[in-house]
Amino acid sequence: MTRDMETIDKKVLSERDICTKYITPAIVKSGWNLFNQIQEEVTFTKGRVVVKGRLFSRGEAKRVDFLLSYKPNIPIAVIEAKDNNHSLGDGMQQALVYAEMMDVPFVYSTNGDAFIEHDRTIKSGQLERELLLDAFPSPEELWRRYCSWKGIDETNKPMVTQDYYTDSSGKIPRYYQLVAINRTIEAIAKGQNRILLVMATGTGKTFTAFQIIWRLWKSRTKKRILYLADRNILIDQTKTNDFKPFGSAMTKIKNRQADKSYEIYLSLYQAVSGPEEEKDIYKQFSPDFFDLVIVDECHRGSAAEDSAWREILEYFSSATQIGMTATPKETKEISNIIYFGEPIYTYSLRQGIDDGFLAPYKVVRIDIDKDLTGWRPEKGKLDKYGNEIEDRIYNQIDFDRTLVLEQRTQLVAKKITEFLKVTNRFDKTIVFCEDIDHAERMRQALVNENGDLVSQNRKYVMRITGDNEEGKKELDNFILPESPYPVIATTSKLMNTGVDAQTCKLIVIDQRIQSMTVFKQLIGRGTRINEDFDKYYFTIMDFKKATELFADPKFDGEPVVIYNPGPRDPPVPPDEDSTKRTKFVVNDVPVKVIAERVQYYGKDGKLITESLKDYTRNTVRKEYASLDSFLTQWSKAEKKKLILYELEGHGLLLDALAEQVGRDYDPFDLICHVAYDRPPLSRRERAEAVRKKNYFAKFGEKARGVLAALLDKYADSGIENIESMDVLRVQPLNQFGTPLEIISLFGGKEKYLAALRGLETQIYTAEA
């Protein structure tokens, strides 16, 4: 075969054929093992969740054509392939995006003729070069270059190449977890002893910690490990779930006893330290007993320079120490970065949502009149218990801390209940209150609003706070997806961190929040996705303007060091118990909602603050500058839903728009009306206009019946439903026979689809 004939032959091949016939053979020929070093068509994200009212869809997942790994835990090259009608380098920019995400140094683009190589380990000079098909680098060559880049030598190679843990379940680290694991292992290999990992809530910090420990433990690099957390439930969940493979080598420190016969130790800070030196159990271990300490949720006590918890870390200062958090704390008094150093890897909430591993959210902001305008008691006014109320103006800062307006509490409970009645009254809900007293009052108000369900099960609403044993006993049931009760939990501080509430769909904030760390932790209670229980997104209901923090650049940005060491007053601990504060209770002051608005999570990771109509107009006109251009593309599209999916991918919120403009309008009319000021027609009006025409007359009687039924289906539920062949399997279409029988009424599939496209043309040219 001549070169010209070969080129012509390649032009008719698909991208997949190019991979099979040219790329895979070239890689294998250079020494890569087809079974354990080469992976084809690797999907490494889930695809962002796009919310459509109570329904959802997923955006396109990211997929790399080839992923080459020296070992399963060490990916080192990605290859993006195109068909032969593209140039050699057409896939490079896409491949570089994937390589950066996956922390892979060697990047290739090909069309089957040759390769373009981009070497990310080179800091200057010739980063890209062309390679013939038979000159693709061998695994040994890329591994040598990788080791040089990472500083890996014979002494630390066993640690770096140790496999991660796998079992029969097939669970392996996600791409970002593998990046976090490898960066940590490689940093330790190079002698770094203080490491900080920042991973958004719900992204698997504990599983990541387990895999780090496993590789260091199995390679015998680290032989005795201490894992610290500050909540019993965190330790118990860790021991039972992610850390279970450690088996008999693992123990939980309890009863303030130090048994030195184990290798993996899990402990509460509080279990190994105390206010008096003789109670410091950790001192029963020698300072060099542990060679690895991992600190979960290190934004909490361990971040404070003068905390008792920090003393534990300083006592074991010879050990490698890894801090893990979703929210690194950087204040004038407390710093993670000063102690652990800059994060070696950050996986943010925004990235998690964009990848489809975390749930997106919408915000319902509710403003109450007295919160904004304030309230001043008349002179000498007594509260409901006969206490004279201090004469001053009370506002949002005071409510439920120094002054209780009982009607305000009742109004908040009413709005929560109204929302659940519209969505689902059994959606798990957390209500964050100012303190324990507020949480109890809110529990009572919610019980009264939901008396019908509480009478069926008293655990429908529960207060879960640190002082209440009955409530704390129900925390596991609230977390457990299979447990229907409790449904609504009122709390103040106990549930704002470390609670793995996978099915929580409503986060209510009736707590004044000024700390970005606390805010992130509260939001994190809703960000987990649980597909088995239909949890893909959640709602934040905000009564205290807390969600204004979404606009702060620090919300999803890198932490900034503002630590200011030196003499200072000791930090005030979080106030959960209100018994030490004077609190007035007033039951005769009416309150009302003066503003209620919904904000949506935008494509850029920020809340959409402009009006939904303006946002829609701007989004659509970026893609279709004029009504004519939109109409042209709409009429050309064989499936209208493809245009809708594309617009949704660019951030269009069709379902939210339908809620505001009208649910009886077709997406076509919503877009034309809002973006181009064209008067809308309802789906039913369009259907009636089609019936007045003569379109059905050219078909046989049964075919006319099918088209009429499709038109009814359109009028009821829209264009997307009738474009799917599945519509032929449901009422009323299945009355005409099986899908094959229905299609045969038109003379075959192509003629059926042509009739459907003709019906759509009639729908969108109809005038009422």
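How many of the 10 residues of helix α24 (residues 667-676) are buried? I looked this up in the predicted model and found 9, so described under the cut-off of 20% relative accessible area. I listed them as Pro667, Phe668, Asp669, Leu670, Ile671, Cys672, Val674, Ala675 and Tyr676.

I next looked for what covers these residues. I noted α20 (612-623), α21 (627-636), α22 (640-649) and α23 (654-661) among the covering elements, and also α25 (683-691) and α29 (749-764).

I then examined the two ends of α24. At its start, I found a side-chain oxygen of Asp666 within 2.7 Å of the backbone nitrogen of Phe668. After the helix comes Asp677, for which I recorded a positive phi, near 60°.

I turned to the nonpolar cores. In the largest, of 125 residues, I found that Tyr361 and Phe519 touch the most other members. Helix α6 (residues 175-189) gives this core its largest share, 9 residues. I noted a separate core of 42 residues, including Ile643, Ala687, Phe696 and Leu710. For Phe519, leaving aside neighbours within four places in sequence, I listed contacts with Ile509, Ile513, Ala546, Thr547, Leu549, Phe550 and Phe555.

Last, I traced an open sheet of 6 strands and wrote down the order β1-β4-β5-β6-β7-β8, with mixed pairing. I marked β1 (38-43) and β8 (128-132) as its edge strands. From one strand to the next, the twist averages 30°. I found β1 antiparallel to β4 (residues 63-71), joined by 5 bridges, and Ile38 opposite Leu68. Helix α3 (residues 92-102) runs at about 155° to β6, and helix α4 (residues 139-150) at about 120° to β5.

Definitions and conventions
Residues numbered from 1 in each chain as written. Predicted model: local features only at pLDDT ≥ 70, side-chain atom pairs only at ≥ 80, totals over all residues. Heavy atoms only, no water. Buried < 20%, exposed > 50% of the residue type's maximum accessible area, 1.4 Å probe, protein only. Helix = DSSP H or I, 4+ residues; strand = E, 2+ residues; numbered from the N terminus. Contact = heavy atoms within 4.5 Å. Polar contact = N/O pair within 3.5 Å; in protein donor to acceptor, adjacent residues only side chain to side chain. Core = buried A, V, L, I, M, F, W, Y, C linked by side-chain atoms within 4.5 Å. Pairing = 2+ DSSP bridges. Axes fitted to C-alpha atoms, helices over the stretch in contact; angles between N-to-C directions.
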